[in-house]
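Hello,

Here is the structure I promised to pass on to you. Have a look at it first, and then read on for what turned up.

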Amino acid sequence: MSKPIRYVLVAAAIALVGYNSIYFRKLSDVRNAEKALDFDAKAYALRFLDTTLPAHPDKAIALPLLAQTLTADPAKAFSWSHAQNNGNNRFFLVKGSGKLTAIDSEYAYLAVEGVPQKVALATRYIIGTAARDGSGLISVNEFTTTMDMNTVSEELNRLIRSRVLPPFKAAAKPGETVQFTGGLELQQNAAAPDTLEVTPMILKIQ
Amino acid sequence: MKKLTIALVSMILLAGCGTRDGNGQPKKIAIVVSTLNNPWFVFLAQTAAAKAKALGYESKIFDSQNNTALESDHFENAIASGYNAILFNPTDAKGSVINVKKAKDAGIPVFCMDREIDSRDAATSQILSDSYSGCIDLGKLFVKALNKKGNYVELLGIVSDDNTWNRSKGFHSVVDNYPHLKMVAQQSADFDRNKAMEVMESILQAHPDIDGVFAGNDAMAMGAWQALTAAGLAGKIKVIGFDGAEDAINSIKEGKLTATAMQFPKTIAELAATDADEYFKGKRDFPHKLPIPVDVVSATNIDKYTAYGKKN
């Protein structure tokens with residue numbers, strides 16, 4: 001075989017191998033593709049608050065029943081609670097209605113018939129995982145990473161701050177009756193506190 | 001003859017399902033941990049090995065030295081050497097998935113301990129500290145300790161580890177609600193004590209006026225404490241860690257560190273070894289992820305805790 005033909009064949013082989021070994025993609029395309037696969041915690045939280053939660057009213061315990069059972073039979077009361085782990089902090093989804101007795105910069109206080117404790121609806125600091133975990137409808141095993149599940153908690157709290165609270169805070173006045181559904185965190189190894197702090201998820205002034 | 005055959009087949013099947021392999025030798029469990037340069041992981045690995053031994057298995061500990069390439073080598077070795085299960089503390093949430101999949105393809109179950117991999121089905125189970133919830137509680141304590149105002153520094157762990165971000169996000173989900181708490185620096189120190197000391201020294205040059213430090217683990221909290229001591233600031237600044245390591249618990253007792261979050265490495269390691277045992281005996285329906293609660297430990301409840309757990 002003559003030298004020029006050999007060179008052409010070698011060059012063609014190198015070009016062929018090179019062409020199949022190296023390829024270029026726009027960085028923005030790669031990032032967008034990765035983004036498309038990312039879990040959308042905000043959409044999940046919106047769906048949960050707007051659709052999933054209202055479709056499961058049975059998941060919420062009437063607060064007077066919970067309050068009475070906490071005194072009479074704490075083990076039974078805590079059997080209605082949920083959490084992602086088996087620790088001391090447990091979460092409930094509670095519902096009820098009560099008369100608005102006072103409002104300060106952090107809470108709206110309610111007197112709920114059948115509940116000896118003061119009920120405080122959080123209106124400023126929406127913190128923790130009560131909104132996510134109270135109903136037991138969200139499980140760690142449905143997420144690829146725990147980060148995704150934790151981001152859902154943050155998005156739920158954000159939605160409560162941005163959508164649930166503003167209309168309530170604008171309209172609520174002492175003396176009015178408020179219907180609520182929300183998350184409640186209690187410690188299993190401690191007595192029920194004097195004030196039950198509820199993270200509001202659905203609020204209606206009657 | 002028929003009865004003898006049935007008996008032999010039954011013995012072979014039982015050997016395959018129990019604590020011994022087909023040759024009558026104890027089954028082997030590889031314990032692959034991210035690093036043995038941190039006492040917390042040494043305790044995790046040694047507890048897993050002790051539990052495996054108590055259950056009748058041979059085990060060997062492999063140190064990945066926080067290096068995914070080395071971790072990959074350990075998996076190759078474990079697969080080639082005929083290990084029957086791997087108890088695994090990953091180095092990288094995303095990068096470690098491929099190793100777990102390799103083991104799964106080879107028919108070897110992997111049980112993750114403490115650190116997560118970003119996959120729901122590659123590992124047989126993942127037993128993880130609930131870092132996010134723990135750091136919500138630490139965040140509440142931090143807000144109270146600083147009286148809702150002041151400048152603070154955050155030391156992050158390894159940035160490719162999910163625990164790093166679960167801890168950071170849990171903390172910020174509380175602290176960011178308080179506008180008078182200002183984070184003046186956020187830097188990674190890779191969960192390493194010496195690196196944390198260097199990072200903290202450098203941060204103090206630019207920000208000597210800090211009131212608090214939130215460190216993603218106790219090793220970094222102790223490193224930060226050393227830097228603060230050298231700068232004459234120890235005791236004036238609230239330092240919070242995460243882990244429940246021996247030196248952090250002692251430091252809280254001595255009134256130095258403000259708090260830590262107690263993980264329970266004994267629970268995690270023993271559960272992982274027990275899962276492997278149950279897997280060998282035929283169980284398959286393990287929860288993909290099992291969060292283990294963590295407790296906040298501070299001066300108010302330090303008497304109930306010891307290094308790596310609760311007092312009996």
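Predicted model: local features only at pLDDT ≥ 70, side-chain atom pairs only at ≥ 80, totals over all residues.

**Salt bridges within chain B**

Lys266(B) has a partner: it forms a salt bridge with Glu270(B), and the closest N and O atoms are 3.5 Å apart. Both residues belong to helix 10 (residues 265–280) of chain B, and because they are four residues apart there, about one helical turn separates them. Glu270(B) is partly exposed as well, at 25% relative accessibility.

Two other pairs in chain B are worth a look. Glu278(B) forms a salt bridge with Lys283(B), with 3.5 Å between the closest N and O atoms. Glu278(B) has a relative accessible area of 28%, so it is partly exposed, and Lys283(B), at 32%, is partly exposed too. In the other pair, Lys195(B) forms a salt bridge with Asp190(B), and here the closest N and O atoms are 2.7 Å apart. Lys195(B) is partly exposed at 36%, and Asp190(B) is partly exposed at 30%. Over all chains, the structure holds 16 salt bridges.

**Where the chains meet**

Next, the interface. On the chain B side 26 residues are in contact with 24 residues of chain A. Between them the chains bury about 2,100 Å², and 52% of that is on carbon and sulfur atoms.

How many salt bridges are there between chain B and chain A? The count is two. Glu106(A) forms a salt bridge with Lys148(B), and their closest N and O atoms are 3.8 Å apart.

Which elements of chain B supply at least two residues each to the side that touches chain A? They are helix 5 (131–145), helix 6 (162–175) and strand 11 (289–292). Helix 6 of chain B gives the largest share of that side, with six residues. Sorted by class, the side of chain B that touches chain A has 11 nonpolar, five polar and 10 charged residues.

**The nonpolar cores**

The largest nonpolar core has 50 residues, and the members that touch the most others are Leu63(A), Leu66(A), Leu121(A) and Phe180(A). Helix 7 (residues 146–171) of chain A contributes the most to this core, namely eight residues. Another core, of 34 residues, lies apart from it and includes Ile158(B), Val213(B), Leu233(B) and Val239(B).

Leaving out residues up to four places away in sequence, Leu66(A) touches Ile61(A), Ala77(A), Trp80(A), Phe92(A), Val94(A) and Leu184(A).

**One last spot**

Finally, have a look at Lys253(B), which lies in helix 9 (residues 246–253) of chain B. Its relative accessibility is 47%, so Lys253(B) counts as partly exposed. Lys253(B) and Ile302(B) are 49 residues apart along the chain, yet 6.7 Å separates their C-alpha atoms.

Happy exploring, and best wishes

Definitions and conventions:
Residues numbered from 1 in each chain as written. Chains lettered and ligands numbered in written order. Heavy atoms only, no water. Core = buried A, V, L, I, M, F, W, Y, C linked by side-chain atoms within 4.5 Å. Buried < 20%, exposed > 50% of the residue type's maximum accessible area, 1.4 Å probe, protein only. Contact = heavy atoms within 4.5 Å. Buried area = accessible area lost by both parts, 1.4 Å probe. Salt bridge = Lys/Arg side-chain N within 4 Å of Asp/Glu carboxyl O. Nonpolar A, V, L, I, M, F, W, Y, C, P; charged D, E, K, R; others polar.
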